[in-house]
Amino acid sequence: MKIQRAKFNASARLLPKCPTGIQGLDEITGGGVPRGRPTLVCGGAGCGKTLLATEFLVRGAMQFDEPGVFMAFEETESELTANVASLGFDLADLVRRKKIMLDYVHIERSEIQESGEYDLEGLFVRLNHAIETIGAKRVVLDTLEALFGGLHNEAILRNELRRLFRWLKDKGMTAVITAERGREQLTRRGLEEYVSDCVILLDHRVNDQIATRHLRVVKYRGALHGTNEFPFLIGNDGISVLPITSLALNHVVSNERIATGIPRLDKMLGGRGFFRGSSILLTGTAGTGKTSVAANFAQAAGRRGERVLFFSFEESPNQIIRNMQSIGLKLDPLIKRGLLRFHSARPSLYGLEMHLATMFKEIAAFKPHVVVIDPITSLIESGSGSEGKGMVTRLIDYLKAGHITSLFTSLTQGDHALQQSEGGMSSLMDAWLLLQDFEGNGERNRVLYVLKARGMKHSNQIREFLISDHGIDVVDAYIGASGVLTGSARAAQGALEKAATLASQQDAAQLKREVARKRIALERQISDLRADYESEALELRRIAEQVGTRSIVLGTERAASGILRQADANAAASVPPRSKLLRKA
Amino acid sequence: MKIKTSKRRTVTPVHPPGPLWQLRLYVAGQTPKSMMALQNLKTFCKTHLKGHYRIRVIDLLVQPQLAKGDQILAIPTVVRLLPKPVRSIIGNLSDTASVLVGLDLRAAN
């Protein structure tokens with residue numbers, strides 16, 4: 001609250017604004033309606049004009065300490081009090097506490113006779129009296145046009161209306177004036193001529209049998225404002241306008257990862273599962289196990305002690321609980337511990353906006369860590385195309401702002417262009433798991449793969465997953481020449497591979513034996529060769545020794561004969577070279 | 001029923017009423033319009049009601065809280081409290097014919 005006020009004060013330098021306190025409206029108008037000036041709210045019957053005006057006063061009195069005067073031309077005080085009681089506004093109490101002053105102006109043409117000139121000073125006196133009694137800052141005139149029905153002299157009336165708006169401005173009243181929508185102009189009586197600071201248009205359209213209310217700020221003098229048409233709804237705590245485009249992309253992100261409840265799937269997602277606060281899309285055709293995977297995820301979160309809110313648009317809670325029991329998921333204990341809550345509604349129960357508002361409300365009340373929406377497609381189908389995407393955007397933004405991990409299941413029709421059909425939605429999602437049926441070998445088998453997972457390493461493989469009595473199990477799928485093999489084909493392939501392995505094992509053993517044998521042969525050869533070599537070397541040594549001894553013997557013999565012939569010493573010295581020459585020859 | 005009575009009144013345009021007429025004139029300050037209305041009302045009553053009337057002038061600038069009770073919007077307004085039903089005429093009463101209609105003394109046209 002304080003922050004909000006501070007924000008309004010900051011923008012007050014530009015053009016003072018008066019917060020209406022109505023959810024979303026202040027966001028669109030950048031702080032509220034122009035302070036001290038009249039604002040025109042126009043729309044057809046049943047658009048919620050009176051309600052918007054009443055809420056403006058009630059919120060003013062309760063939240064901003066600005067008392068207000070409600071001048072009603074169409075409903076009596078008691079009618080008004082009764083009408084807004086259903087929204088939780090206790091008008092009677094506020095009147096007692098002098099926070100709000102109700103003044104019903106009864107005007108009936110048949111009861112009034114005009115004779116000569118007059119003015120509407122009586123109205124001014126009444127309004128002034130009411131304003132002064134409670135020190136009002138806000139004024140509502142609902143619906144001023146009733147005056148046109150009650151008085152003949154339009155010239156006087158228009159003159160007086162001009163004076164009235166001038167007077168309201170001079171008094172510094174932030175006023176909301178309601179008016180009927182005209183055919184060619186904004187209001188039936190051209191009131192926009194007098195109230196030109198801010199004009200808000202309300203509209204109630206029926207599209208495909210579902211009615212949606214819209215609000216548009218047609219004009220806001222001197223201020224930036226959202227110019228789009230915004231859906232709004234009347235819930236049991238007043239009006240809430242749901243701006244789509246005013247949401248900025250500035251969510252806080254987390255690096256924390258949360259497990260999916262399927263260990264192998266976690267492994268596929270970089271080993272640790274999804275990021276907390278991310279949005280996950282789970283698409284698949286009928287019977288691929290979307291709800292089972294979603295329930296598994298919910299159970300895993302619940303077992304970690306996190307709160308899970310499960311929105312189911314096709315099955316009743318009891319049906320889901322029973323069905324999940326059959327695959328070994330026990331959701332009952334989690335419900336009893338208050339960790340899991342179901343919210344089931346038929347998509348056609350009410351319009352998309354109402355669904356969204358209900359979901360927001362549930363989320364705000366339960367404050368879950370994980371939200372499962374099963375399936376999002378049937379919800380989107382209840383609105384028109386662009387509406388659906390807008391809704392998903394808002395929902396994701398809302399969840400991300402609250403740091404809530406969301407899992408959306410989506411049913412795809414037929415078995416072609418799976419990706420295409422989700423084109424609009426998938427770009428909003430952080431992670432996308434695809435569940436698929438594989439038909440072949442007279443059976444249908446389920447596979448899953450991670451189509452995208454922002455910000456994490458993930459497996460690109462197609463895995464088969466089995467739903468058994470004890471939950472979901474992901475197994476490797478065989479990819480053979482004829483495509484992905486699943487089910488019995490995968491089992492057959494497994495057997496085949498086993499046989500092949502055995503055969504190759506045998507081959508290897510044989511080869512090993514052969515090699516061993518060869519090595520023995522080789523070693524034998526080597527030892528033979530070595531024996532040959534050694535005997536030859538021995539021979540060589542023997543011969544060399546023989547040669548040595550022979551030459552020594554020869555030398556000594558020669559020296560002995562030289563002595564005998566009395567030769568000089570020199571001659572004796574030259575003997576060895578001669579013997580060398582001899583050997584060479 | 002209503003048509004019958006009004007027919008009779010058309011026959012006798014100046015119909016002296018049985019009970020006392022109670023009239024209230026609402027004004028906001030002494031504006032020329034209001035003064036003229038009071039003047040016109042007095043003249044009218046003298047002519048048509050011959051003493052069977054009582055006029056009370058209420059100044060809303062003095063007693064603004066009274067405006068709500070008689071559902072006053074326009075100024076000046078004359079309210080006929082009695083005889084019932086309550087009727088009201090707005091304006092300075094310069095058009096006597098419409099005052100006659102307004103006070104149920106003569107049917108419209």
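Two strands pair if DSSP finds at least two bridges between them. In this predicted model, that criterion applies across the boundary between the chains. Strand β6 of chain A, residues 112-114, pairs with β4(B) in the parallel sense, over three bridges. Within this pairing, Q113(A) stands opposite I89(B), a residue of β4(B).

The contact in which the chains meet draws 21 residues from chain A and 28 residues from chain B. On the side of chain B that touches chain A, the elements giving two or more residues are α3 (66-69), β4 (87-90) and α4 (96-102) of chain B. By residue class, this side of chain B comprises 15 nonpolar, nine polar and four charged residues.

Chain B has a mean pLDDT of 78, with 80% of its residues at 70 or more. Residues 1-13 of chain B have a pLDDT below 50, and this stretch has eight contacts in the model beyond near neighbours in sequence. Where pLDDT is low, the predicted coordinates should not be read in detail.

Attention now turns to chain A. An open sheet of nine strands with mixed pairing runs in the order β17-β16-β18-β19-β15-β20-β21-β22-β23 (chain A). Why is one side of β17 and of β23 of chain A left without a neighbour in the sheet? Strands β17 (340-344) and β23 (471-476) of chain A stand at the edges and each has a single partner strand, so one side of each remains without a neighbour in the sheet. On average, neighbouring strands of this sheet are turned by 25 degrees against each other, direction ignored.

Inside that order, strand β15 of chain A (residues 279-284) and strand β19 of chain A (residues 405-411) run parallel and are joined by six bridges.

Because a residue needs 20 or more other C-beta atoms within 10 Å to be buried, F360(A), with 19 C-beta neighbours inside 10 Å, counts as partly exposed. F360(A) and L395(A) are 35 residues apart along the chain, and their C-alpha atoms are separated by 8.0 Å.

Key:
Residues numbered from 1 in each chain as written. Chains lettered and ligands numbered in written order. Predicted model: local features only at pLDDT ≥ 70, side-chain atom pairs only at ≥ 80, totals over all residues. Contact = placed C-beta atoms within 7 Å. Helix = DSSP H or I, 4+ residues; strand = E, 2+ residues; numbered from the N terminus. Nonpolar A, V, L, I, M, F, W, Y, C, P; charged D, E, K, R; others polar. Axes fitted to C-alpha atoms, helices over the stretch in contact; angles between N-to-C directions. Buried ≥ 20, exposed ≤ 12 C-beta atoms within 10 Å, placed from the backbone. pLDDT = per-residue confidence, 0-100.
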